[in-house]
Amino acid sequence: MTCLSSLVSTGSLASSCLADRSLWDKLHAQPRLGSVPTFDWFFGYEEAQGLLLPLLQGARAASPLRVLDVGCGTSSLCTGLYAKCPHPVDVLGVDFSPVAVGHMNSLLEGGQGQTPLRPGHPASRLRFMQADAQNLEPVASSGSFQLVLDKGTWDAVARGGLQGAYQLLSECLRVLSPKGTLIQFSDEDPDIRLPCLEQGSQGWAVAVQELGPFRGITYFAYLVQGSH
């Protein structure tokens with residue numbers, strides 16, 4: 001079984017796959033089953049909305065609320081927020097794979113036989129851009145987002161070494177507003193993740209919420225928040 005086939009069929013994140021952008025390009029270019037235009041590691045927007053919507057409701061001082069999804073891939077997280085969230089949101093999805101970004105921009109515009117996406121609120125916006133989540137300077141200024149989402153990106157980067165994961169965390173916190181929230185979605189046990197986040201997020205409050213189980217697997221939402 002090839003590395004990419006293993007990723008798709010088992011969800012494993014072999015470290016040999018993760019540093020090679022071309023392998024992710026090949027993964028994102030693979031045909032999708034049936035009419036489903038997105039592919040989600042862990043889970044999608046429908047499973048996350050119960051946590052996200054109350055946060056968005058409570059942070060409506062900024063309108064529309066700016067949301068950044070780092071390592072968005074071809075997930076339904078950004079599109080779900082844009083199309084189904086009743087609150088005004090300005091969503092930016094970034095990924096280092098140009099294939100993933102091209103696919104999502106096509107989906108947004110109604111390509112691939114899909115109906116163009118319509119916002120859940122008239123003031124909502126959605127964009128996708130190619131960017132390295134460990135260096136967001138080209139696409140995001142400091143303190144410019146009220147909500148930053150990381151669904152599996154820390155998990156992938158950390159398999160190449162914690163130094164890269166801490167750089168990812170540092171960039172997420174740099175672009176996060178002082179009263180904003182970073183959420184890392186993961187299946188990693190809190191005994192492992194929390195000490196890393198506490199070390200890399202000094203001055204921020206770190207908490208964890210259990211999600212699921214979804215399809216028999218329990219996940220965790222790690223929240224890093226500024227003062228309110």
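I counted as a salt bridge any side-chain nitrogen of Lys or Arg within 4 Å of a carboxyl oxygen of Asp or Glu. This is a predicted model, where local features need pLDDT of at least 70 and side-chain atom pairs count only at pLDDT 80 or more, while totals for chains, interfaces and linings use all residues. Residues are numbered from 1 along each chain as its sequence is written, and side-chain values use heavy atoms, with hydrogens and water left out.

**Salt bridges**

I looked up the total, and the structure holds ten salt bridges. One of them pairs Asp90 with Arg125, and the closest N and O atoms are 3.5 Å apart. I placed Asp90 in strand E2 (residues 89-95) and Arg125 in strand E3 (residues 125-130), so this bridge ties together parts that are 35 residues apart in sequence. Helices (H or I, at least four residues) and strands (E, at least two) are DSSP runs, numbered from the N terminus.

Next I checked accessibility, calling a residue buried under 20% relative accessible area, exposed over 50% and partly exposed in between (1.4 Å probe, protein chains only). Asp90 is buried at 8%, and Arg125 is partly exposed at 42%.

Then I went to Arg174, which bridges to Glu137 with the closest N and O atoms 3.9 Å apart. Arg174 is in helix H8 (residues 162-175) and Glu137 is in the loop between E3 and strand E4 (145-151), so the two tie together parts that are 37 residues apart in sequence. Glu137 is exposed, at 53% relative accessibility.

What else does Arg174 form a salt bridge with? I found Glu171, with the closest N and O atoms 2.8 Å apart. Glu171 and Arg174 are both in helix H8, three residues apart, or about one turn of the helix. Glu171 came out buried, at 7% relative accessibility. I also noted a network in which salt bridges that share partners join Arg66, Asp90, Arg125 and Arg127.

**Aromatic pairs**

I paired rings of Phe, Tyr and Trp (its six-membered ring) if their centres lie within 6.5 Å, with planes under 30 degrees apart stacked, over 60 edge-to-face and the rest tilted. The count is eight aromatic pairs. In one, Phe42 and Tyr219 have ring centres 5.3 Å apart and planes at 50°, so I logged the pair as tilted. Phe42 sits in the loop between helix H3 (21-29) and helix H4 (45-58), and Tyr219 in strand E7 (residues 217-225), so the pair ties together parts that are 177 residues apart in sequence. Both read as buried: Phe42 has 16% relative accessibility and Tyr219 has 5%.

Stacked or edge-to-face: how do Trp154 and Tyr166 meet? Their ring centres are 5.8 Å apart and their planes at 90°, so I wrote down edge-to-face. Trp154 is in helix H7 (residues 153-158) and Tyr166 in helix H8, twelve residues apart. Trp154 is buried at 2%, whereas Tyr166 is partly exposed at 22%.

I also looked for a cluster, and ring pairs link Phe42, Phe43, Phe185, Phe214 and Tyr219 into one.

**Charges over rings**

My last check was for NZ of Lys or CZ of Arg within 6 Å of a ring centre and within 35 degrees of the ring normal. The charged end of Arg66 sits over the ring of Phe145, 4.2 Å from its centre. Lys151 lies over the face of Phe43, at 6.0 Å from the ring centre.
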